[in-house]
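Here is a quick tour of a few spots worth a look.

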Amino acid sequence: MFKKTSRTKNIRRKIDITDEEPIEEEVVIKKTLTSAEKKKKKETKKSVLSFGDEEEGDVEEFQVKKTKASRSVKLQLPDDLNPLETLKTEQSSASHYDAESLQKLRAETPSLPKSVKSTLQSDDALLHEKFPSTMNATIDGVGIPDAGAILAAKKKREQMRKGFNITEQDDGFISLNDTEEDKSGSRLMREEDDIGDDGEAEFEKYVGDKVTLDKKMAKTQEKKRRKGVRELIKKAEEDNGNQSEDMERWEEDMMKFGGAKTLPVHHDPYTPPVNYRPAQIPDDSKLPELSEVMNSLTIATQEVSDSMNDYKSNLEESLKTIENSSRIEADLINEINKSSQRYNYFQELAQYVNDLGELLDAKFPDLEKLELEVHDIIATKTEVATARRYQNNLDDLCLFADIPMSQLDEDMDEPEVDEFGRVRELRNSEAARQRRRTERRQRIEKQADFSDLTGEESIREQGLWTDDDMGEDYETQKDIKLETIQAEKLSDLMSDVGDEFKSLRTVKDKFEAWKLEYYDDYQKAYGSLSLPGAFEFYIRSELLSWDPFSNPMDFDTMQWHSILSEYGVSAEHEDPDIEMLNKVVEKSMIKKIKSMLDTLNAASSKEMRYAAQVIEQVSYYVDTHEKAYIDLAANVIEVIEKQITRFAEIISTCILKSDLQPEAIEAKHRFFWSQCKYLKTLLVWRRHLPKLQLDRLGELVMYKIITPMLKPESYPADLHLQNEAALLLSHLKK
């Protein structure tokens with residue numbers, strides 16, 4: 001790779017200088033051509049001088065000819081300042097040059113004009129670079145080295161080939177960087193630069209001689225060029241890495257072969273390494289004072305203390321966070337367990353409600369049949385008492401007034417004979433009336449209260465008497481029938497029911513966990529409003545034989561009330577569920593009272609008083625402004641009005657008799673007091689029924705029944721009766 005070919009030495013002819021006129025001769029110089037120049041056969045600019053270097057290739061001769069620029073310079077210079085003439089004169093006078101003469105020659109030689117200097121500078125720039133110590137410093141471009149300089153340059157180059165480092169004392173340093181002289185365009189080339197220099201050929205290989213106008217072709221050439229450059233770089237890096245040891249070994253062998261000896265390398269252990277960088281010595285500084293150091297230590301200590309406090313607080317917060325996390329985890333586990341239990345409970349509750357609904361659908365019709373049977377038993381007494389009272393009053397009215405037959409034909413549609421073929425007695429016949437009067441006197445005689453009364457007072461009490469006594473046999477049979485229904489038939493109804501649905505308490509206990517354990521769900525589902533529907537069947541079963549107008553009872557003494565009052569009562573909920581109790585009364589009790597209102601005898605002071613007490617009990621649970629209570633009051637007024645108005649139409653059509661007999665006068669007074677009885681019984685409703693409705697009923701009795709039958713102008717006693725009726729009406733309207 002570094003093999004050097006044999007070189008043909010350049011022969012420099014010695015120029016003889018004599019006293020005779022110098023003969024102008026052509027100086028023949030041999031130049032070595034590089035291989036690249038030889039291949040391309042390019043003409044290169046010939047160097048001015050040759051120093052006899054060993055060159056590669058062939059040697060060709062050329063003549064140093066003066067250029068046009070040099071001739072022009074010669075023409076421009078004056079004769080007395082021509083350096084060539086001066087040089088010739090000095091050469092003719094002396095046989096050789098010495099240092100003193102050359103120094104004198106340089107001092108006497110003037111500077112060339114700027115135009116000539118610029119022309120010659122580019123050609124001799126490299127020469128000036130090669131021989132800085134011998135070139136004329138004052139005249140650039142025309143200085144010629146002497147023989148000693150040339151010999152020194154040869155020795156220097158020879159030593160450089162053998163590997164010796166030579167340091168010049170002058171300005172002969174050759175810079176590795178590009179300088180102005182490198183860019184001056186000089187054709188002179190150093191031997192070390194010329195050896196194996198094929199740069200131009202390589203440049204042409206990648207760049208080319210021609211400019212490519214085709215973009216596609218240009219891109220292809222650029223890719224090839226870049227690929228080649230990468231390969232060369234890679235190869236050069238590999239060669240540098242592989243050739244390091246071999247190259248050193250080859251250079252040492254060549255130096256030994258050439259007779260050169262390498263200087264022994266002595267390693268001084270105290271010599272700093274090549275890449276050693278001494279540590280930077282800090283500048284002198286003044287020692288701090290003790291107070292400043294103490295202050296800084298105090299500040300640092302305070303910072304450390306603050307940091308420790310922060311760490312402690314962070315640790316405490318972390319511990320609290322861990323504790324809270326543990327608590328939250330425990331709460332979550334409890335919530336999960338509660339949710340699981342809640343889910344299971346509501347699944348069971350849903351199934352229980354479905355089964356209960358099926359039970360109620362199956363049992364309610366049978367319960368309603370039993371209620372209807374009890375109603376008929378209790379209503380029998382009311383029907384008998386009201387019919388008897390109506391017929392007795394009608395008989396008294398016939399004694400002092402003439403009644404149209406249209407008002408008496410109530411039994412015209414009935415058959416004339418009974419089921420045994422006997423002739424049926426007419427209800428309003430004289431015989432029937434006489435029979436009813438006789439039966440009435442017998443019932444009066446049985447009353448101990450009437451035995452001591454005589455005259456007008458006795459007639460007054462007879463008119464106010466309800467006359468609803470049914471006998472001991474009826475009461476006994478009634479009690480037996482009601483007991484049979486309540487005990488036997490109701491038991492038969494519930495015989496096929498399971499224990500979990502058999503009683504109100506078991507059903508209550510099943511739903512009670514809903515309120516105690518899942519109160520929020522209970523509130524959201526409005527359990528207090530929905531549960532009365534589940535309890536209604538059992539409450540109505542308990543009150544199946546109850547007669548509210550003959551056997552009054554307070555609600556809080558009933559069994560269902562005591563059971564439901566305990567519903568949901570616990571340490572957290574000490575008070576009973578009032579809202580649920582109110583809904584039970586509204587849904588169950590009011591319905592029971594409404595179904596029994598037609599058994600109420602409005603002429604009976606006892607039954608009216610008991611009825612008023614029941615309605616008052618309802619008002620404790622249901623507000624009087626609620627629709628359920630208003631409807632109940634309206635039904636009560638309707639039942640009372642129906643019984644009162646039975647004589648209003650009859651009296652409006654009848655004609656009073658004149659010249660009444662004592663018997664007719666007694667009948668008239670008895671009829672008056674029987675109608676005043678309604679004014680007395682209405683007084684118990686003043687707190688429970690609307691005042692307008694009570695006033696309307698009192699005025700109906702006063703102005704539709706009592707007033708038309710009285711004639712104060714004919715009978716002075718009627719005036720007294722009228723005042724009594726007005727007094728009762730005034731009490732009712734208070």
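## A buried serine

Ser588 counts as buried, because its relative accessibility is 1% and buried means under 20% relative accessible area, exposed over 50%, partly exposed in between (1.4 Å probe, protein chains only). Ser588 sits in helix α20 (residues 578-596); helices here are DSSP runs of H or I with at least four residues, strands are runs of E with at least two, and both are numbered from the N terminus. Leaving aside residues up to four places away in sequence, Ser588 touches Glu536 and Ile539, where contact means heavy atoms within 4.5 Å.

A word on the ground rules: this is a predicted model, in which local features need pLDDT of at least 70 and side-chain atom pairs count only at pLDDT 80 or more, while totals for chains, interfaces and linings use all residues. Residues are numbered from 1 along each chain as its sequence is written, and side-chain values use heavy atoms, with hydrogens and water left out.

## The nonpolar core

The largest nonpolar core has 110 residues, and those with the most contacts inside it are Phe511, Phe535, Trp560 and Trp685. Helix α11 (residues 290-400) gives the most to this core, with 17 residues. Such a core is a set of buried Ala, Val, Leu, Ile, Met, Phe, Trp, Tyr and Cys residues joined through side-chain atoms within 4.5 Å. In soluble globular proteins, nonpolar side chains tend to be buried together.

What does Phe511 touch, not counting residues up to four places away in sequence? Its partners are Tyr345, Leu349, Tyr352, Val353, Leu356, Leu531, Ala534, Phe535 and Tyr567. Leu516 belongs to helix α16 (residues 504-517) and is partly exposed, at a relative accessible area of 34%.

## Two helix pairs

Helix α22 (residues 627-644) and helix α25 (residues 691-709) pack at about 0°, with axes 11 Å apart. That is why α22 and α25 count as roughly parallel. On the α22 side the contact uses Ile637, Ile640, Glu641 and Ile644, and on the α25 side Gln693, Arg696, Leu697, Leu700, Val701 and Ile705. By class, that gives 7 nonpolar, 1 polar and 2 charged residues.

Helix α24 (residues 662-681) and helix α26 (residues 716-733) cross at roughly 10°, and their axes come within 10 Å. So α24 is roughly parallel to α26. Among the residues that meet are Phe672, Trp673 and Cys676 of α24 and Leu721, Leu728 and Leu729 of α26. This contact has 9 nonpolar, 1 polar and 4 charged residues.

For the cut-offs, angles under 35 degrees count as roughly parallel, over 145 as roughly antiparallel, 65 to 115 as roughly perpendicular and the rest as oblique. Axes are lines fitted to C-alpha atoms, for helices over the stretch in contact, with angles running from 0 to 180 degrees between N-to-C directions. Ala, Val, Leu, Ile, Met, Phe, Trp, Tyr, Cys and Pro count as nonpolar, Asp, Glu, Lys and Arg as charged, and the others, Gly among them, as polar.

How many disulfides does a search of the whole structure find? It turns up 0, with a disulfide taken as a pair of cysteine sulfur atoms within 2.5 Å. The sulfur of Cys398 is 9.2 Å from the closest cysteine sulfur, in Cys654, so a bond is ruled out as too far. Cys398 is buried, at 12% relative accessibility, and Cys676 is buried too, at 0%.

Finally, Asp659 has a positive phi of about 55° although it is not a glycine. Asp659 lies in the loop between β6 (655-656) and α24 and is exposed, with a relative accessible area of 67%.
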